[in-house]
Amino acid sequence: MAILKLLSEEVFDFSRGEMTQQKIKELKQSLNSEFQLIHELCIYVLSASQRAELIRATLGTLHAFLSWIPMGYIFESPLLETLLKFFPMAAYRNLTLQCLTEVAALTFGEYYDLQFVKMYIIFMVQLQSILPPTTNFLEAYAKGSSEEQAFIQNLALFFTSFYKPHIRVLESSQENINALLQGLEYLINISYVDDTEVFKVCLDYWNSLVLELFEAHHNLDNPAASANMMGLQMPMIPGVGDGVGSQLMHRRQLYAGPMSKLRSLMICRMAKPEEVLIVEDENGNIVRETMKDNDVLVQYKIMRETLIYLAHLDHEDTERQMLKKLSKQLNGDDWTWNNLNTLCWAIGSISGSMVEEQENRFLVMVIRDLLNLCEITKGKDNKAVIASNIMYVVGQYPRFLRAHWKFLKTVVNKLFEFMHESHPGVQDMACDTFLKIVQKCKRKFVTVQVGENEPFVSELLTTLPATIADLEPHQIHSFYESVGNMIQAEPDPHRRDEYLRRLMELPNQKWAEIIGQARQSVDYLKDPDVIRAVLNILQTNTSAANSLGTYFLPQISLIFLDMLNVYRMYSELISTSIAQGGRYASRTSIVKLLRSVKRETLKLIETFLDKAEDQPHIGKQFVPPMMDPVLGDYARNLPDARESEVLSLFATIINKYKRAMIEDVSRIFEAVFQCTLEMITKNFEDYPEHRLKFFSLLQAIATHCFPALIHLSSEQLKLVMDSIIWAFRHTERNIAETGLNLLLAMLKNFQASEFCNQFYRTYFSTIEQEIFAVLTDTFHKPGFKLHVLVLQHLFCLVESVVMSEPLWDVATVPYPYPNNGMFIREYTIKLLSTSFPNMTATEVTQFVNGLFESREDLVSFKNHIRDFLVQSKEFSAQDNKDLYAEEAAAQRERERQRMLSIPGLIAPSEIQDEMVDS
């Protein structure tokens, strides 16, 4: 028996990827013809033997064979009856249940439907005597032996395996329906068991069942589609109206009971969403979360989706259950941290699924009850849990807050209260929620509301020092970004500038004080505490610039020139330290701190220029003063003291001001090109930040200031091309991708320029050779889409009229080719034949001819290359999903569109909309 079991596993379970499909098929056929003997042996042992060991081995063997043997052996022989006879016996219960689960998952049209129903009905009768439906599964599982726990796990697998393909068959008569409802009741009870794996199995099935019920309900407007999708052929219960609509309604009523119990289960077991930062640790203390648990996030996503479908199936029941559970929290019947958490997470997760009127009614009660609960509950930990739940819920419902100013104001003031709460995680969550709410409701804060004397933002700026008194620096930065969002919504320019002045008052006072001291003695700026203060002020400015964009201009103009002086001075300090102390000096805390200030300065300028609207005078005002302090400084510095942010800043400037920067490109080139290349071409590892940003800068220049590249000397152009080839050879995915995009931009620009022939004569064959090298070496699969685009460009170009001169060197090639196409065809065949000696000359020639034939049609060109890669044996036994990345991306986009069509599936707080909060 053991040998037979191993044989089955060897051929069917472990052979994927090792044997060809043909070989597996032949083995299956020969085993199928021999199987009659195996079948007879198993049945004989099970009916005649008394030895427990032998029976267990036989059941194990059957389990291995059941998934692939012909159906007749299962349904047209005494096998099923024999298995069901063993099921009640404790010694064989788990093995038999595993065999029955294998059978339950089989499908064969409608041919064996009656046998499936019969098996299910007998199984249910036996199950009730083994495990009465009244059992408390949660307790039974917690106290059970490992055999008993395995039985409950196997039971979950049996029900879910049976229902997925066969649930419809059970809807055909009243007797079957009763057995079905009983089975669903068992599955719901099993779902309460405290075991992640068991819950995953159940949740996966509930998600698919609820989706199916919801889609039919969603498509009621289109009955033909619904009937087709639901697979409704038979009347549900004899005598009921034949219309598809009434059948669907009937099916919904049939499942209404289980669905209501399922809502209760989902609310009780809701997983923690990402935004919640406050958790209970293993000692029962409330602490700030330190690590994101990805399993929990995946589970939350599935549960959230399931609960939204359930809410759409019956909004009233969903609302009733949630409010009932909430009132039990208030009167203390059911108060525990976990109960309140799961309830609030569930309430937050169905945001967007109700119509506005119902959502308003529901939330008024929820928020009022939660605020009351916060008032009446004593104890720091309890308050922290309630605070975290209030913040999560209000952050999920921006539409409600926009429509109810009183609630919005109460909620924001409550957040300000939480900002003084020293409990770990509460302040962070308060700042996160404040930012989230302001982004969605910003106009409400700059309008004078009914019953108020001034806009809320003005009131907030007056009390700002007190509000942020207890916050950490990173929380203050988030707060400034939030207020910046409010100010940005103010339409009146004078008022807006006044708000900005008041917002920046605290950091500006400190800045003026530091600069004043520095004018008297430069050494003042070397004190570590002063350096930290400078860093903090710059970070606060960056946060405000991030949300204010163009409107940040008055503030940055105020500090800009002083900031460049500090930058220059700190840069000299760093260079001196590194020159004296060698490479290790760059790792000392003081140098790290000084470099942080330089980086933050660059980040502030980049953020402002990036977010500011495209106004040329801003560029004229800010770019020239930076040329020496920033660019000149980069060139003068030692490699270890060069900031990679300089490269990204100038990439941003060129992307922003495009052709206006053409005159400056040569200066940028002189300052950064040669010296950066020396840093990054020694190997593939050093200075990773500089690499990526360097190629992004080159790409910006190639895209927007191409004429500047044409004026480079041929040595400089060779350097540029070598560095591009060097970039796409990189195994670091984003660097290779930037290199390929840059190459495409260069190829297209040169094709349109008067230097087209000259450029391609020099670089065509090199580029082709290098692209084929990365295309076929299996280390660069993610770049497949771009490799194909480059090759397509080259092969189209060769046959086009643009190429008027020969690509080969006339002096060294004695044989004159009739045209460039023939030359490249021969060159490519020679190149690939030497690279792939395992392929015949015919195969290579066929491939190259195919490239020329399909060059105009990207899809067939791409498929042709894919087939070649698999055929070349390089890619055959590997994971090739990267070659299909584009198709996968299109599939993801279709799924997103489907989700957008169902209210609530994408949370309102995540949808980028122009908020209608006027």
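Asn94 touches Glu147, Ala150, Phe151 and Asn154 when residues up to four places away in sequence are not counted, contact being defined as heavy atoms within 4.5 Å. The model is a predicted one, in which local features need pLDDT of at least 70 and side-chain atom pairs count only at pLDDT 80 or more, whereas totals for chains, interfaces and linings use all residues. Residues are numbered from 1 along each chain as its sequence is written, and side-chain values use heavy atoms, with hydrogens and water left out. Asn94 is placed in helix H6 (residues 93-104), helices being DSSP runs of H or I with at least four residues and strands runs of E with at least two, numbered from the N terminus. With a relative accessibility of 12%, Asn94 counts as buried, a class that covers residues under 20% relative accessible area, with exposed meaning over 50% and partly exposed in between (1.4 Å probe, protein chains only). The C-alpha atoms of Asn94 and Ala150 are 7.2 Å apart in space, although 56 residues separate the two in sequence.

Apart from neighbours within four places in sequence, Phe123 is in contact with Leu84, Phe87, Leu97, Leu100, Leu155, Phe158 and Phe159.

In helix H24 (residues 493-503), the buried residues include Arg496, Tyr499, Leu500, Arg502 and Leu503. Viewed down the axis of H24, its buried residues fall within an arc of 165°, so they line one face of the helix; the arc is that of the directions from the helix axis to the C-beta atoms. Among the elements that cover these buried residues of H24 are helix H22 (456-467), helix H23 (473-488), helix H25 (505-520), helix H26 (528-548) and H27.

Helix H27 also holds Ser577, which is partly exposed, with a relative accessible area of 26%. Leaving aside neighbours within four places in sequence, Ser577 is in contact with Gly582, Ala585 and Val591. Between Ser577 and Arg855 there are 278 residues in sequence and 57 Å in space, C-alpha to C-alpha.
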